[in-house]
Amino acid sequence: MKKSELSFFITLSLAMLVPVPGRLAYGIILILFLNILVLTGILFKKLISFFYSGELQNVILCALMISTCVLFRQIFLILFPLQTFILGITIFMPVLTSFVLGRLYVNRNLSVAAELKASLKSSTGFSLFSILFFALRDIIGYGTLSFPSGMGISEIKLFDIASSEISFLGMFWASVPGALILIAIEILVVASINRNLNIIESLNRRGGE
């Protein structure tokens, strides 16, 4: 992961993940929403490029992305009414995130397949990072793994943290300060793993010369 990509991860994590309730169910909805917007954003971008260019292209693309977000929000409101209502305006954060992850503001002159591949690579990495974040926060904050359903939230109870002696820790990790610390820890782990992989790749490259 390059420094610029790490900066993106940090910025997007603070903007999109922290304000959301610490349940996996809400994370699944947001990440599903994000990937839908990345896919539709790339297709819109290629379609618009046939008719417009420059700044006007970005303005039209932005308007289409917001319209798509509103449309899918209404669909999600039918499928998952409670979760969508609780998410509130944070449901619109994937629009900004999809712009950054999909590099929708940059004219890369790639084919549709190549652009989708590059964008999905970024969105998949961020999606895995986000799902892990929500899963960890759900487990250590509530002692559960939750999933979205039409009737509310379905959950698998792993342990009863509310009646344990460390219930105060669960409340902390479910809070915003706990979310910030968890994101920092996760980013440090990802950066460390990526650095080690780069070192191994560099050594292998030198050994092959």
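Which residues of the largest nonpolar core touch the most other members? The views below start there. This is a predicted model, in which local features need pLDDT of at least 70, side-chain atom pairs count only at pLDDT 80 or more, and totals for chains, interfaces and linings use all residues. Residues are numbered from 1 along each chain as its sequence is written, and side-chain values use heavy atoms, with hydrogens and water left out.

**View 1. The largest nonpolar core.** Met16, Leu17, Leu87, Phe126 and Phe133 touch the most other members among its 37 residues. Two or more residues come from each of α1 (3-16), α2 (24-49), α3 (55-79), α5 (93-101), α6 (112-142) and α8 (176-208), and α2 gives the most, with 11 residues. Such a core is a set of buried Ala, Val, Leu, Ile, Met, Phe, Trp, Tyr and Cys residues joined through side-chain atoms within 4.5 Å; buried means under 20% relative accessible area, exposed over 50%, and partly exposed in between (1.4 Å probe, protein chains only). Helices (H or I, at least four residues) and strands (E, at least two) are DSSP runs, numbered from the N terminus.

**View 2. Around Phe126.** Not counting residues up to four places away in sequence, Phe126 touches Phe9, Leu12, Ser13, Met16, Leu34, Thr97 and Leu101. Contact here means heavy atoms within 4.5 Å.

**View 3. The buried residues of α3.** Gln57, Leu61, Met65, Thr68, Cys69, Arg73 and Phe76 are the buried residues of α3. They pack against α2, α4 (81-87) and α5.

**View 4. Phe159 in its loop.** Phe159 lies in the loop between β2 (152-157) and α7 (167-173). Phe159 counts as partly exposed because its relative accessibility is 37%. Leaving aside neighbours within four places in sequence, Phe159 is in contact with Ile139, Tyr142 and Gly143.
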